Amino acid sequence: HVQQNLLDPKLAKFQGPSLLAYNDAVFTDEDWTNIQKLKRSDKRSDPFKVGKFGIGFNSVFHVTDLPAIISGEWLCFMDPQKKIWKGDPGHKYKLSKNKPEFCNSFAPFTFNDPCSLKSSQDYPGTLIRFPLRNECSDLSSKLYTCAKLKDILKALKDDAKILLLFLRYIEKVEVFTIN
């Protein structure tokens, strides 16, 4: 993806290969609040809630240093190392404030057509982007390449019947490559 015209120049190193996860539901206010809580989930008292232990989403930091979420009217970058926004653990942008000079920040969510994300439109679902870690960080020294990700996805496919057996709310898993 293009590395100019970004919300912040420090985002350039996160414009490379990534893993994407899509869900057709839009985040609620409660979802936005809960995803920011490390091991402090409000879901513990509800045995039917996914993520009730508060550690599920945090596992993404094995692969990425800056997950980003676009859902409804928001684009949110999560920066637990506080390296992009001077001491802030992330930043949330309202899509209606999207300015053309920052359009390339949105390219990874629009499959290289940043103009397709109109500032007057909410995103119809939730797309979470995990840029692959390509240099060591305080979170992990483990690096990921496209080849390594393909190996992981092949292992997932090989073991899918066992791994997905107890996930009763998962209806479909699709894996594909977007160039």
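In which loop does Ser105 lie? Ser105 belongs to the loop that runs between strand 4 (90-94) and strand 5 (123-131). The legends below describe a predicted model.

**Figure 1. Overview of the protein chain.** The protein chain holds two helices and five strands. Read from the N terminus, its elements follow the order β-α-β-β-β-β-α. The chain has 179 residues, of which 34% count as buried. Among contacts between residues at least 6 apart in sequence, 57% join residues at least 24 apart. The accessible surface of the chain is about 11800 Å², and carbon and sulfur atoms account for 56% of this surface.

Figure 2. Is Ser105 buried or exposed? Ser105 counts as buried because its relative accessibility is 3%, and buried means under 20%. The side chain of Ser105 reaches the backbone nitrogen of Leu7, with 2.7 Å between them. Leaving out residues up to four places away in sequence, Ser105 touches Asn5, Leu6, Leu7 and Leu11.

**Figure 3. Close-up of Asp65 and its polar contacts.** Asp65 is found in the loop between helix 1 (29-34) and strand 2 (68-72). With a relative accessibility of 8%, Asp65 counts as buried. Which side chains form polar contacts with the side chain of Asp65? One is that of Arg133, at 2.9 Å. Another is that of Ser137, also at 2.9 Å. When neighbours within four places in sequence are set aside, the residues in contact with Asp65 are Phe14, Met78, Pro80, Gln81, Arg133, Glu135, Ser137 and Leu139.

**Figure 4. Close-up of the second largest pocket.** The second largest pocket contains about 380 Å³ of space. It is lined by 16 residues, and those closest to its centre are Ile35, Gln36, Met78, Pro80 and Pro89. Strand 3 (74-78) and strand 4 are the elements that give two or more residues to this lining. How many residues of each class are in the lining? There are 10 nonpolar, four polar and two charged residues. Met78 and Pro80, listed here by the pocket centre, are also among the residues in contact with Asp65.

Key:
Residues are numbered from 1 along each chain as its sequence is written. This is a predicted model: local features need pLDDT of at least 70, side-chain atom pairs count only at pLDDT 80 or more; totals for chains, interfaces and linings use all residues. Side-chain values use heavy atoms; hydrogens and water are left out. Helices (H or I, at least four residues) and strands (E, at least two) are DSSP runs, numbered from the N terminus. Buried means under 20% relative accessible area, exposed over 50%, partly exposed in between (1.4 Å probe, protein chains only). A polar contact is a pair of N or O atoms within 3.5 Å; within protein, one must be able to donate a hydrogen and the other to accept it, and residues adjacent in sequence count only if both atoms are side-chain atoms. Contact means heavy atoms within 4.5 Å. On a 1 Å grid over the protein atoms alone, a cavity is a set of points where a 1.4 Å probe fits but cannot get out, and a pocket is an open set with protein on both sides within 12 Å along at least five of seven lines; lining residues have an atom within 4 Å of a point. Grid points are joined across faces, edges and corners, and a volume is the space filled by probe spheres set on the points. Ala, Val, Leu, Ile, Met, Phe, Trp, Tyr, Cys and Pro count as nonpolar, Asp, Glu, Lys and Arg as charged, and the others, Gly among them, as polar. Accessible areas come from the Shrake-Rupley method with a 1.4 Å probe; for residues, only the protein chains shown count as cover.
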